[in-house]
Amino acid sequence: MTATSGGPLAPPIPAGTFGPWARAVSLVGAASAESRLGLIPPIALAGSVGLLLVALSDSLSRLRVPHAPLLFWAGLLVLVLPAAGRLLGTRASRNERLWLVVLLGLGLYTVKVLHSPAGFTLFDEFHHWVTLQDIVSSERLFAHNNVLPASPYYPGLEIVASVLVKAGLPVWESGVLVVAACRVLLMLSLFLFVERASGSTRLAGAATLIYAANPSFLFFDSQFGYESLGLPLAVFVIYCVARRERGPGTGAFPLTVAILLGICGVIVTHHVSSIALAIFLMGWAIVTAIVHRLASRDLAHPGWDPPGLLGPALVAVIGTIAWMLYIASVTVGYLAPAFGGALNQVIDLVAGEETGRELFNSSSGLAAPVWEQLAGYASVLVLLVALPIGALVLWRSGRRNPAIVAIGFASLAYPASLIARLTVRGAELAARSAEFVFVALGVVVAVAALTVIADSRLRGHGRALVLAGVGTLFVGGAILGLPNWARFPGPYLVSADTRSVEPIGISAAVWMRDHLGINNRLITDRTNRTLTATYGRQHPITAVGDRVDIKRIYFTTALDVDDLKVLRDVNAHYVQADDRLSTSVPYVGVYVERGEMFSLGPWRAPMPAAALAKWDITEGVDRIYDNGPIQIYDVSPLVLGRLP
């Protein structure tokens, strides 16, 4: 099937039904219709203005200027809506749509870079920075990562970044370039997959646009993390499979090689991406077999030749399981409790045995502004309304297309994920599933959007209605992706991930590296754990990495015999105390690790200051570093048993 601008699944827009936006740019569109660039120059200019507004918002937020976030939202809409209007229209050429989705993807990635333009600040980025440092320094794989033990066993991202680091680029710049390349791969692969599956470049552009509105796109999948590479590779594999299935047989061998290499790349890069890829390929293969079976009974629609999907699906399934069991076995213990706990809570919620969590409330009890809650609900409502419309159109026009049927079934995971969001354990998994679910959901919602635009009963207002919905999706996606206190830079906050990364903590970590050496065993809090592991190259003791519970030592106001025994068992050399922790409840819900409040629920008041001050009054402990709120203590006399 030849891909066209309209395509069989993209309803044409009747003449005379253009909305206000199309009328406003009709002269420019006519003038540039024959140009290869189309409307890319003015849209790129608008995107630049949008990024300028975002940068200004971030700068003013750092200075605590009131209402600075308003510039962020204005900039986001200025960045997105002009490209959206062109992608949803009929006049753009295929090349223009390709350029637009790439520019949109990079523009939204720049939003994250502008948030933290000098270094890593998102929590997961530090975990992978540790693995990257280990690979570069030792030139070996699978070194133990104490802050995220699963990371070394999925080193794809770090291997790619290490090439640039060894070539002389700093870690931060290397990470930015690698993730930018991943973003380009993701946008191109998704566009080409939808185009190949549907035969419509217009639908491909619209689906990629909707995908970029998912809550993980703006920040989570823009960070230096293994999913930022694993997911683009998975979508690339899906595109190659679709091209091999529906393309000429002469290119089958190079595509098969690309598929196998891509699957291997996903498997060694990210566990969840490899699981999602295996599930989708297997589901696609099953749907294809069923569709072909039904089509073979209809002489008018004999269907394709026997599909070649089963091979890639089996490779993905077997490879994912084998790697996880024989190489990255630590992943089973890492993922199983999360999936199992979330499933149990969902079942209990449905059975009425558990009450749902309070939405738009952080672990510290802080509620999002009312308008953000309304925008978040509105974005979900837009998707829930569009889903049945798009699914119905897809079923009518594409039910004999196995790829389209598989996409339709996969999109049904979205309503199921909303149920999981109502539970404490399921909320995190549901939030991290958006980037996978939207691969299919974006196609279905895009079909609904194009159908609304083409509906003559709306008297030309369909385009404006759809653009309003797109704007709602992007604003709501940004709100659902990060809480407002993390979405904007600003002064230090207690245990608030990106808002807790600041010069005082970094200076303490660098001092440890320069004056104490590396790999010293250290007890510290959640934020300083990441800083000392990366900037300081220390060994912060963790429950997940060292299999020991040190939370009691941190929160007790006086050491007893049991505490001394734990210190000796873990062979702790130093303790770091941050006085700022006692000034506020933790924004992410914990100061050190999960479970520190046990059955008492979330923190309702700050931790006691005496728990941090106890090291000054403990015999045999020496304060060796003091930089305002942060102190570092030498506890080796206690560990070595020099004192009773």
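Are Phe555 and Tyr591 buried or exposed? Phe555 is buried, and Tyr591 is buried too; here buried means under 20% relative accessible area, exposed over 50% and partly exposed in between, with a 1.4 Å probe and protein chains only.

Before we go on, a word on the model. It is predicted, so local features need pLDDT of at least 70 and side-chain atom pairs count only at pLDDT 80 or more, while totals for chains, interfaces and linings use all residues. Residues are numbered from 1 along each chain as its sequence is written, and side-chain values use heavy atoms, with hydrogens and water left out.

**Rings that meet**

A pair of aromatic rings is described by the distance of the centres and the angle of the planes. Rings of Phe, Tyr and Trp (its six-membered ring) pair if their centres lie within 6.5 Å; planes under 30 degrees apart count as stacked, over 60 as edge-to-face and the rest as tilted. By this rule there are 22 aromatic pairs. Here are two of them:

| Pair | Centre to centre | Angle between planes | Type |
|---|---|---|---|
| Phe72 and Trp73 | 5.0 Å | 85 degrees | edge-to-face |
| Phe555 and Tyr591 | 6.1 Å | 55 degrees | tilted |

Phe555 belongs to helix 24 (residues 551-555) and Tyr591 to the loop between strand 3 (574-578) and helix 26 (609-617), so their pair ties together parts that are 36 residues apart in sequence. Helices (H or I, at least four residues) and strands (E, at least two) are DSSP runs, numbered from the N terminus. Phe72 counts as buried because its relative accessibility is 1%, and Trp73 counts as buried at 8%.

Ring pairs also link Phe120, Phe126, Trp129, Trp172, Phe224 and Tyr535 into a cluster.

Next, look for an open sheet of five strands in the order 2-1-3-5-4, with mixed pairing. Two strands pair if DSSP finds at least two bridges between them. At the edges are strand 2 (539-540) and strand 4 (622-627), each pairing on one side only. Strand 4 and strand 5 (residues 630-634) run antiparallel and are joined by five bridges. Tyr625 stands opposite Ile632 in strand 5.

**The cores**

A nonpolar core is a set of buried Ala, Val, Leu, Ile, Met, Phe, Trp, Tyr and Cys residues joined through side-chain atoms within 4.5 Å. The largest one has 140 residues, and Leu88, Leu108, Phe193, Leu209, Trp284 and Val470 have the most contacts inside it. Helix 18 (residues 424-454) gives this core its largest share, 16 residues. Another core, of 28 residues, lies apart from it and includes Ile523, Ala611, Leu612 and Val621.
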